[in-house]
Amino acid sequence: DIAANAQLYLDDVRVSFDGFKALRGLSLTIEPGEMRAIIGPNGAGKTTMMDVITGKTRPDSGEVLFEGGSVDLTRLDEAAIAELGIGRKFQKPTVFESHTVEDNVYLALKADRGPLATLFHRLNAEEARRIDEILATVKLGDRRHELAANLSHGQKQWLEIGMLLAQEPKLLLVDEPVAGMTDAETMETAALLRRIHDSGKSVVVVEHDMAFVRELGVKVTVLHEGGVLSEGSIDHVAADPRVIEVYLGR
Ligand code: ADP
């Protein structure tokens, strides 16, 4: 049974907006601990897919199952899905600009306890250890006392990924992380996502940047018109005539 061995299992998922079919029978399986890259032209359904997984959009039909098929995500709201351990990073970073880098991670660690509990609570040893660990993962240890406002665009993206890690997600959904980044930041981001993947988490990355996807070195799913057009290594999908037609044939 495929669903029973999957971290995330989508089967024949359909979503329409006023008659427009954004997802027309999308099926996708992410293995536990797998990192997957999702690519596809504008309008392919990538955002709608992320919205369905996170409970923002309810599918018209189809299955969306988490953790070996044990949880039906279509029955849960966004808060419950986040609580289960599905973290989403949107394209635009939303760090707290007027707080330091380490306070941003601390606020994320304490996100469930409310702002006052956060401000008046002293760091305990475990929290300090977690913050150190997260800042090391996102390579911002040497900027920890800097205001987030003073970080580069790329560093803000990494900080926000760190804030997501504070919530200990089992599955990370990352939306166009390298948009607007320099080439060096793009390669650094690929290395960061590989470190997160190596730590055992499942990761789904939606991205247009082919150099980045190649650098990730993971299985690629190409979406087109609300379904899967091609799947496999980057070299496999890049040589697939259907993919070439969609990207070059217009
Ligand atoms: P992608 O992220 O791959 O660019 P989207 O999932 O954003 O694709 O969009 C798929 C299609 O669904 C697009 O044609 C888009 O215009 C349409 N769409 C997405 N969200 C809505 C919505 N809330 N209302 C109407 N149409 C939508």
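A residue is called buried here if 20 or more other C-beta atoms lie within 10 Å of its own, exposed if 12 or fewer do, and partly exposed in between, with the C-beta atoms placed from the backbone. By that criterion 5 of the 5 residues of strand E8 are buried, so E8 is largely enclosed by the rest of the structure. The model is a predicted one, in which local features need pLDDT of at least 70 and side-chain atom pairs count only at pLDDT 80 or more, while totals for chains, interfaces and linings use all residues. Residues are numbered from 1 along each chain as its sequence is written.

The protein as a whole contains 10 helices and 10 strands, where helices (H or I, at least four residues) and strands (E, at least two) are DSSP runs numbered from the N terminus. Its C-alpha atoms fill a box of roughly 55 × 40 × 35 Å along the principal axes. For 250 residues a compact globule would have a radius of gyration near 18 Å, and the 19 Å of the protein agrees with this; the radius is taken over C-alpha atoms, and the globule rule is 2.2 Å times the number of residues to the power 0.38. Of the 250 residues, 39% count as buried.

Strand E8 covers residues 202-206, and its side chains can be followed one by one. In general, the side chains of a regular strand alternate between the two faces of the sheet. In E8, Ser 202, Val 204 and Val 206 point one way and Val 203 and Val 205 the other way, and all are buried. E8 is joined to strand E7 by 5 bridges, and the two run parallel; two strands are said to pair if DSSP finds at least two bridges between them. Within this pairing Val 174 has Val 205 as its bridge partner, and Asp 175 stands opposite Val 206. Strand E3 (residues 35-39) is also joined to E8, by 4 bridges and again in parallel, with Ala 37 partnered by Val 205.

Strand E7 (residues 171-175) is itself mostly covered, since 4 of its 5 residues are buried. A parallel pairing of 4 bridges links E7 to strand E6 (residues 86-89), where Ile 86 has Leu 171 as its bridge partner. Between E7 and E8 the chain passes through helix H7 (residues 183-198), and the three elements make a right-handed β-α-β unit; right-handed means that, with the strands pointing away from the viewer, the path from the first strand over the helix to the second runs clockwise.

A separate description is needed for the open sheet of 4 strands, which has the order E2-E1-E4-E5 with antiparallel pairing. E2 and strand E5 (71-72) stand at its edges, each with a single partner strand, so one side of each is left without a neighbour in the sheet. The link between strand E4 (residues 61-66) and E5 consists of 2 bridges, and Leu 65 stands opposite Asp 72 there. Asp 18, in the loop between strand E1 (8-17) and E2, has a phi near 45° and counts as exposed, with 4 C-beta neighbours inside 10 Å. Glu 67, in the loop between E4 and E5, has a phi near 55° but counts as buried, with 20 C-beta neighbours inside 10 Å.

The ligand is surrounded by residues including Phe 17, Phe 20, Asn 42, Lys 46, Thr 47 and Thr 48, a residue being counted as near if its C-beta atom, placed from the backbone, lies within 6 Å of the molecule. Strand E2 (20-30) and helix H1 (46-53) are the elements that give two or more residues to this shell, and the largest share, 3 residues, comes from H1. The shell divides into 4 nonpolar, 6 polar and 1 charged residues, where Ala, Val, Leu, Ile, Met, Phe, Trp, Tyr, Cys and Pro count as nonpolar, Asp, Glu, Lys and Arg as charged, and the others, Gly among them, as polar.

In H1, the residues Lys 46, Thr 48, Met 49, Val 52 and Ile 53 are buried. Seen down the axis of H1, these buried residues fall within an arc of 160°, so they line one face of the helix; the arc is that of the directions from the helix axis to the C-beta atoms. Just after H1, Gly 55 takes a positive phi of about 85°.
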